[in-house]
Structures are given as structure tokens and as C-alpha cells.
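User: I would like to learn how to read a structure of this kind, feature by feature. Where should we begin?

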Amino acid sequence: MSHEFPSPFDVETPAGAEGWEEMYPYYLLFDPARREEEANRFWFYNGMHFPEPMPAFDMITAESCYLSIGLYQGRVFSIPTVLGIEHRVVNGYVYITSNEVSDPAEIEKRLETFLPRIGYYYANWDTLVARWQVEVDARIAELTALEIPRLAELEDEQELIHDHKLGSNYRLMAAYDQAIHLYNELNQLHFELLLLAYGAYLTFFQFCQSAFPDMGLQTMSQMIAGFDTTMMRPDDELKALAAKAIELGVDGSFTEGRSAEEILEELWASEPGREWIADLEARKHPWFMMSTGDGFYHHHRAWADDLRLPFTAMVGYIAQLRAGQELDRPRERLLAERERIADEYRDLLATDEERTQFTEMLGLCRHVFPHAESHKFFIEHWGTSLFFNAIRKVGAVLAENGFFPEADDIFYLNIHEVHEALSDVGLAWAGGAPGRGTVYWPKRVERRKEILATLAEWVPPPALGVVPEVINDPTVQLLWGVTAERLRAWASGAGDEGGVHGYAASPGRAEGPARVVRDVNEIGTVQQGEVLVCSVTAPSWAPVFPKIAAAVSDIGGMMSHAAIIAREYGLPAVVGTGHATKQIKTGDRVRVDGDTGIVTILD
Amino acid sequence: MYVVPFHSLGLDDVTLVGGKCAHLGDLTQAGFPVPPGYAVTTMGFEEVVEGHLADLLASIDPDDVTALEQKAEHVRTVVEALDVPSEIADAIAGGYEQLSADLGLTEPPVAVRSSAVAEDAADASFAGMQSTYLWLRGVDEVLAGVRRCWASYFNAEALSYRAQHGGKSGMSVAVQYMVDARVAGVMFTLNPVSGDPSSIAIDASYGLGVTVVGGEVTPDSYLFSKVTRELVRSEIGAKEVECVADHEQGGTVNREVEEERRMLPCLTPEEITRLADIGRSVERHYGGPQDLEWAIDRAIDEIFLLQARPETVWSQKRRTVLAESPLAAIAATFMGGRPTR
């Protein structure tokens with residue numbers, strides 16, 4: 001067997017990032033003691049969820065997800081052919097592999113459990129979605145209420161003596177543990193229904209491909225599109241606020257290039273301005289708990305904590321409204337179109353049996369798939385933003401006690417190290433001396449920041465290890481767009497001749513100057529008519545979609561967030577190109593062909 | 001009844017006029033744009049040809065390949081030289097005169113094409129091979145064309161096939177007003193490569209469609225979606241030659257296409273949509289996928305259908321994998337396509 005991709009043991013650490021390994025737990029590193037075993041497996045870069053090098057603490061977002069994916073794939077649903085997904089970190093980037101089952105007897109045995117269990121879920125979908133929502137709401141409420149005690153000079157008499165509470169040092173550790181538990185619990189819920197929703201979608205897609213081999217993915221998605229999803233709600237609120245600004249006559253304050261603070265300051269000064277701010281406050285909860293990213297990094301703050309993205313979007317929406325454009329998602333049109341397309345395809349099927357199956361499959365898909373979009377708001381956005389904010393408060397306590405300068409520096413410690421630091425600070429506080437961490441952590445945090453800055457400039461190879469003949473795990477194909485064919489293209493460096501190749505995620509063709517955006521915080525730089533070229537697009541980037549001519553991403557499969565949004569906006573998109581952000585420079589004129597998946601650099 | 005105009009024919013007339021004429025008649029009656037014309041029925045063929053050839057045909061040994069080719073050639077020479085009884089010749093001439101009157105033209109150009117009556121598709125396709133004679137004018141040329149079509153019934157492949165499989169068959173001839181094609185080609189109302197029934201595949205080139213059917217050019221290839229009504233794919237072919245009327249010598253001539261025209265698409269998106277709409281209507285009319293020949297007239301820019309026959313390859317295959325239930329289908333997905341039993 002030949003290595004078409006580098007062995008995980010041969011990947012060089014870029015100069016300046018030496019020692020990156022010490023910020024991650026041992027179980028996430030490739031272990032030379034298991035070289036033979038690990039180098040012969042196939043690992044692919046999960047840039048779709050983790051497109052940046054992972055700050056030490058943020059590794060929990062991966063760990064927590066893989067605890068749950070494997071739990072449901074392997075241990076709950078007993079998917080016959082796959083046990084779960086393993087992950088590793090290389091130069092700060094997350095690589096994953098699935099553990100497939102190949103023994104036919106074992107597959108047969110797992111099948112007996114699998115069928116009744118998934119059958120139960122599909123048969124009771126609405127009840128189980130309602131149960132899911134109750135459980136998610138409870139965790140979100142608990143995270144919202146979670147108290148992070150500070151370490152005061154003296155404990156409160158009432159609390160400690162009369163109420164007989166635990167000491168602040170104990171309670172600080174318990175609150176941290178509870179935050180981790182709640183986040184993990186949310187992530188268990190994350191995958192309870194998601195895999196089944198994707199399974200229905202993929203099945204319908206495969207049926208369509210066998211009946212209509214020429215049918216594009218976008219056409220198939222159109223038959224599912226148009227549902228109401230919580231994920232669209234935050235953006236709808238921005239549109240409503242834009243309309244409100246015009247109604248109140250304060251729209252003049254929203255001009256391009258102005259910061260949210262400047263705009264708000266001006267609004268505070270007038271009566272209609274204050275009325276608009278009251279409307280903003282009313283609409284913020286919980287919709288501004290939308291993350292500016294995908295909900296996997298601490299620095300992707302919620303809109304409520306970082307107003308740049310929503311205000312940039314509102315400036316755009318106000319300009320569009322003034323120009324007489326409609327902002328509402330064309331839901332009626334989407335719904336009418338999805339019926340027309342479905343009816344026509346149904347008519348083209350040869351037999352009644354095929355028509356019945358098509359109808360049943362489409363019905364099931366429309367029933368269960370909306371959850372795959374809606375869950376994101378509760379888990380990745382609201383819940384995750386609350387979690388990071390709770391950890392930030394823990395960071396504030398450590399910062400107050402001299403462990404590092406800023407509250408956010410806590411994210412340069414991994415989850416286990418935070419535990420140690422809390423023992424340290426609690427002991428030191430109780431012992432009446434400065435914590436050992438005051439000497440231990442500051443230099444480490446500084447060094448880790450340098451390492452991560454260096455690693456951010458490094459381009460991770462799309463895969464490591466040995467490419468398999470076939471990829472059996474359907475979720476890998478669906479979610480990440482990783483197929484054996486795709487890998488061969490990556491390995492051959494396809495696109496070297498001025499072209500960038502990816503998945504045709506949303507149809508249509510467009511040309512324009514490129515805007516390369518590697519960090520979500522640069523999203524404000526995007527200008528009207530540009531082609532957005534990014535590592536991965538997140539749902540909260542929807543506000544810039546009306547501005548851009550087309551979207552291109554390094555990472556993403558047919559189910560990726562970017563693909564779903566682009567199809568709804570009718571915007572040409574090519575996803576999963578592997579290296580578009582490296583091959584294309586801001587200002588390059590590019591042509592995006594969303595029908596063929598080819599992006600051409602024109603000059 | 002030796003000749004029947006297309007507008008009086010329907011699918012019930014296959015034994016009298018063969019599949020091609022019956023379909024042209026049916027399409028005409030259904031209101032599709034078919035150039036006017038008439039069928040020379042099998043009655044003439046039977047009286048003139050089969051009556052004279054019984055002994056000759058009986059002497060053919062289908063296993064002797066070398067002799068078969070020679071015999072076939074001999075039979076064809078005999079047929080082309082046969083005297084056509086005046087009753088039949090007059091009927092054919094009368095049909096042509098009526099067509100001229102209907103069109104308001106003197107000696108209009110026509111295409112003369114065989115329309116075999118056969119019990120199965122294989123025989124029909126053997127029998128009709130190569131027997132299309134274009135840009136004929138006047139009664140004499142039409143009569144000569146008819147005799148050559150009759151003769152084409154006796155090519156070696158068809159003789160051998162009939163000797164082995166038996167079966168009753170015959171030959172009718174279509175005489176049809178000649179469309180002066182600017183662009184022509186074939187259209188399948190499904191994708192002949194993938195079998196996708198939601199696609200319409202169009203191959204098109206300059207001039208008459210014979211260059212496309214005969215593989216003399218690399219045509220433009222278009223794939224159109226019936227549902228999204230969008231051009232899914234278009235591949236522009238080299239289109240080096242075009243077959244056009246030879247106004248000096250009669251008949252047709254292949255001439256080179258000028259360099260600058262070769263790599264241009266020969267159909268506009270609007271023409272593709274119009275063609276696809278006609279294809280879809282014909283498919284609906286017959287309730288199944290069709291294989292069509294068409295042409296766009298140089299002077300009036302209209303699309304004409306020259307032939308329609310059922311598509312036989314994909315329409316007899318079942319493509320879709322059916323599961324017992326949606327749950328079983330989803331289970332199969334999670335199994336990576338392995339059977340769940």
C-alpha cells in the first residue's frame with residue numbers, strides 16, 4: 001500500500017510552533033508507540049467543523065461531539081457497519097477517522113438491534129423531538145443560571161455560617177465541573193436525532209440518484225427546502241430591526257464603515273433612537289445568542305457579545321430596503337417550487353411502486369430533516385455561547401488571582417489543566433499564599449498564543465495516512481463530502497492549472513472580484529458583488545449572502561451549512577475545494593460555476 | 001390502395017405502411033409539426049417485388065456468408081430494374097402531384113425513405129438500413145427512389161435475419177416534403193447514457209441530420225432537464241461538414257463548414273427549449289420515451305419532426321432500487337448499500 005497522503009508521523013511542525021503537543025491531552029496525539037497501526041489508517045482533516053488551529057480549551061468542542069457521535073452510532077443505534085469516529089490533533093488541527101465494522105457475522109448481529117431501535121425513533125419522531133427540546137431547554141436554563149463564585153477576601157456570613165453552603169473554592173470547582181457536564185449533555189442531545197435526520201436525507205438523495213442520475217443535488221434539496229427553521233430566525237430579526245430603523249426614521253445612523261458603538265451612541269441621543277434600542281433589546285433574547293462562527297471556538301462570540309456582524313448586516317439590509325428590495329426569504333415561492341419539482345419527478349417515474357416510494361421517502365425526509373438545521377441554534381449557538389461565557393467567568397477568577405492577564409486566557413489551558421488550575425487557586429486562596437499558577441501559567445499562555453498564531457499560517461494537508469478503496473461510512477460522505485474520488489483529486493493537487501475544483505453545491509454561474517476571508521471577524525470587509533472565498537461558511541454569515549455574487553469554501557460537503565444556505569438563496573456555490581483560500585487572493589477576478597464545481601481564476 | 005397521405009394514417013396502419021409512416025401519420029393527426037407527405041403502401045411492394053422474387057429468394061442459403069452478399073446484391077439490382085405496373089406508378093405520381101398542389105409548389109423537393117413492416121425491431125432496423133434518398137424532385141426521381149427503397153429490403157443482414165427468424169414483413173416507403181435544414185439532428189427524451197428519464201438529450205449539427213445519424217460529424221450535444229427546464233450540459237462538437245442540397249446535380253452534397261462556424265453552438269438556448277418542449281409532448285402523446293429526428297428549416301426557422309420511434313434500451317430496464325419501506329431504505333443507507341437481510 002502506498003501513502004498518497006503524508007503519514008501522520010511525517011508531518012513537520014512549522015518553525016516557531018515547536019512543542020504544540022503539550023497543550024493537548026495525551027489521548028488526542030498520535031503515539032509513536034502505535035505508529036504501525038495509526039499510520040496505515042486513513043485520517044481526514046475535519047476543516048468543516050474545525051477550520052482553525054484549536055486553542056487548548058476549545059478541543060472540548062471536538063471531544064464532546066465525538067463522545068456523542070460514537071455513542072449513538074456504535075452503542076445506541078448499533079449502526080451495523082460503523083462503530084464511531086476517532087479524532088487526533090496534528091499541529092493544532094483536528095483529523096478524524098471512522099471505525100468501520102467489516103466482519104459479516106458482527107454486522108448481522110448489530111443489525112438485529114439496529115432496525116428496531118431506529119424504527120422506534122422514526123415512528124415516534126415528533127414525540128422524541130418534543131422530548132429533545134424539553135431536555136435542551138433545561139440545560140440552557142441551567143447554563144444561563146449557573147453561578148461562578150469569585151474568591152473574596154472573606155466568605156459571606158449568611159452563606160457559610162447560617163445557610164451552611166460550601167466554600168467558594170469548592171463551589172468554583174463544582175461550577176466548572178457543572179459547566180463541562182452541561183455542555184457534554186447538550187452534545188449528547190446534539191447527535192440523538194441528527195444522524196437519523198441525515199440518514200433520511202441521504203436515502204432520499206440516493207433514491208433520486210438511482211431514478212434520475214442527472215438530477216443535481218440542488219434540485220433534490222429544492223424538494224426539501226423552504227421549511228421554517230430556528231436557524232433563520234436571528235437573521236429575520238435583523239431584517240425586522242432594519243425595517244424598524246426606517247420606520248422610526250433613524251436609518252440614517254446606519255452607514256457603511258461605522259461601528260456598532262458609534263451607531264448606538266447616536267441612537268441613544270434621540271427619542272426614536274431610544275425606541276429602536278428598546279426594540280433591539282426585546283428581540284435580542286435569545287436570537288442574538290447566535291454565534292458569529294459555527295459554535296466550535298471560544299473567540300466566535302455570540303452576536304450579543306460582539307455586535308459587529310449583526311450591525312454590518314443591518315447596514316446592508318437598510319440599504320437594500322431603501323433601494324426598494326424585498327428582504328424576506330421567498331418562502332412561498334420556495335414551497336410552490338418544491339411541490340412543482342416533486343410532482344414532475346414523480347410523474348416521470350415508471351411504475352406506481354416507484355411513485356409510492358418516492359412520495360413516502362420525500363414525506364419522511366421533509367418531516368425529519370428540518371431538525372438537522374434547527375438543532376444548530378440550540379446546541380452550537382445558544383448553548384455553546386452560554387458555555388464559553390461561563391468558562392470566561394471562571395477565567396476572570398483565575399485572572400483576578402494572577403494566573404494570567406485576561407479572562408480569555410483560560411482558553412489556552414485545556415479542560416484538564418483548568419481543573420488543575422482550579423485546585424491550585426482554591427488551595428492557594430485557602431492556604432493564604434499566591435497560587436503556583438501565577439508563575440506557571442503566564443509564560444505558558446504566552447507561548448501557546450505564539451504557537452497558535454504560527455499554526456494559523458500553516459495549511460493542513462486534507463488527509464493523512466492511507467486512502468481506502470471505498471469509504472463505507474455514509475455520514476462521512478454526506479457531511480464532509482469525502483469520497484474516494486474526492487481524495488484522489490486532493491492527492492493529485494487538482495486545480496493547479498489556474499482552476500479550483502470542488503463540489504457543485506448550488507447552481508448558477510457568477511463572476512466577480514474575490515474576497516478571501518479566513519476568519520469570521522473579517523466578514524465585515526466583504527463588498528457588494530464580491531465572490532466570498534472562505535475556509536468554511538457558517539449560518540451566521542447569512543447576512544452577507546445578499547451582498548455577494550457567489551461563495552467558495554475550502555471545506556464542506558453537500559450537507560454543509562454553506563451548501564444549504566447557498567441553495568436557499570439561489571447563490572452559486574462551490575464547496576469542498578480543499579485549498580481555495582490559498583490558491584485565490586483577494587482581488588483576483590474569479591468565475592464560479594455552481595453547476596460543474598469549477599472555480600476559474602481569470603486574472 | 002397504393003398511396004395514403006400522412007394525415008390519413010395512424011398507428012393502426014403499421015401493417016400497411018410500416019412503423020415510420022404510421023408514426024408520421026399519427027404525429028400529423030396529433031398536430032405535431034411534420035412535413036407533409038404520403039406513404040407508398042406495402043401493397044405495391046408485394047405486387048411488384050415479392051411476386052417476382054419467390055424463386056430467387058428460395059435459393060438463398062443464409063449460412064453462406066460470401067454467397068449471401070452476392071445474392072443480395074443481385075436481388076437489389078433486379079428490384080431496381082423492375083417494371084412498375086402503370087396502376088402503381090400512377091398512384092405514386094398522383095401522390096406526388098397532390099403533395100405539390102397542397103404545397104403550392106412545382107416539383108417540390110422530397111425525401112424518400114423506407115418504412116419497414118417487421119415483427120421485431122431488429123428486422124426493422126436491418127431492413128431500413130441506409131435507405132434514405134434526399135432532395136429528389138419530379139415524378140421520375142421519386143419513382144426511382146421508391147424502387148431503391150424496395151431494393152434496400154434485401155440487404156444481406158436482413159435476408160440472413162429473416163431466413164433464421166422467419167416472420168412476415170414488407171416494405172412501405174415514405175415520400176415527404178424536404179425540409180431545407182439549417183440545423184438538424186436527433187433527440188432522445190431521456191439521457192441515452194445514464195437512462196435518466198428527466199433529461200432530454202439533443203445531438204445537433206449544421207445541414208441535414210444524416211451527418212449526425214451516420215456519425216459523419218461530431219455534433220453539438222445538449223442535455224436539458226424536463227423539470228428545471230435548464231440546459232444541464234452542452235458540449236460543442238467540431239461539426240466539420242454539413243450535408244446540403246446540391247442544386248446543380250440534384251440530391252445532396254457534403255461540404256466543409258467554415259472554420260469560424262464550427263465551434264459555435266448550432267442551436268440557441270431558445271431553440272433547445274422549443275425542441276425539448278416538442279420532445280416532451282411527443283413522449284406524453286405516446287406514454288413513453290422517444291427517439292426523434294428533427295430539423296429546423298433554413299427559411300422559416302421552424303422545427304419539424306422527421307421521425308419518431310419508441311426508445312427501446314432504457315425504457316425496458318428498471319433502474320430504481322426499491323426497498324420494502326422507507327425504513328428499510330434508510331437502513332440500507334446506514335449499511336453503506338449492503339443488503340439488510
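User: How far should I trust the coordinates?

Analyst: Where pLDDT is low, predicted coordinates should not be read in detail. In chain B the average pLDDT is 87, and 92% of the residues score at least 70. For the model, the scores are ipTM 0.81 and pTM 0.82.

User: How many helices and strands does chain B have, and what does its radius of gyration say?

Analyst: Chain B has 11 helices and 13 strands. Its radius of gyration is 22 Å; a compact globule of 341 residues would have one near 20 Å, and the value for chain B agrees with this. Along the principal axes, the C-alpha trace of chain B spans about 75 × 50 × 40 Å. Of the 341 residues in chain B, 46% count as buried. Among contacts in chain B with a separation of 6 or more, 67% are made by residues 24 or more positions apart.

User: What are the corresponding values for chain A?

Analyst: Chain A has 21 helices and 12 strands. Its radius of gyration is 25 Å, close to the 25 Å that the globule rule gives for 603 residues, so chain A is as compact as a globular protein of that length. The C-alpha atoms of chain A fill a box of roughly 80 × 70 × 55 Å along the principal axes. Of the 603 residues of chain A, 50% count as buried. Residues 24 or more positions apart account for 69% of the contacts in chain A with a separation of 6 or more.

User: Let us take a single residue. Is A:L422 buried or exposed?

Analyst: A count of 20 or more C-beta neighbours within 10 Å marks a residue as buried. A:L422 counts as buried because it has 23 C-beta neighbours inside 10 Å. A:L422 sits in helix α16 (residues 415–431) of chain A.

User: Which residues is A:L422 in contact with, leaving aside its neighbours within four places in sequence?

Analyst: They are A:L172, A:M173 and A:Y176. A:L172 is 250 residues from A:L422 in sequence, yet their C-alpha atoms are 7.6 Å apart in space.

User: How do I read the contact between the two chains?

Analyst: The size of an interface is often given as the accessible area lost when the parts come together. Here I give residue counts: 34 residues from chain A and 28 residues from chain B take part in the contact.

User: Which elements of chain A supply the side that touches chain B?

Analyst: α3 (104–123), α7 (194–211), α13 (331–348) and α14 (352–368) of chain A each supply at least two residues. α7(A) gives the most, with eight residues. By class, the side of chain A that touches chain B has 20 nonpolar, nine polar and five charged residues.

Notes: Residues numbered from 1 in each chain as written. Chains lettered and ligands numbered in written order. Predicted model: local features only at pLDDT ≥ 70, side-chain atom pairs only at ≥ 80, totals over all residues. Helix = DSSP H or I, 4+ residues; strand = E, 2+ residues; numbered from the N terminus. Rg over C-alpha atoms; globule rule 2.2 N^0.38 Å. Buried ≥ 20, exposed ≤ 12 C-beta atoms within 10 Å, placed from the backbone. Contact = placed C-beta atoms within 7 Å. Nonpolar A, V, L, I, M, F, W, Y, C, P; charged D, E, K, R; others polar. pLDDT = per-residue confidence, 0-100.
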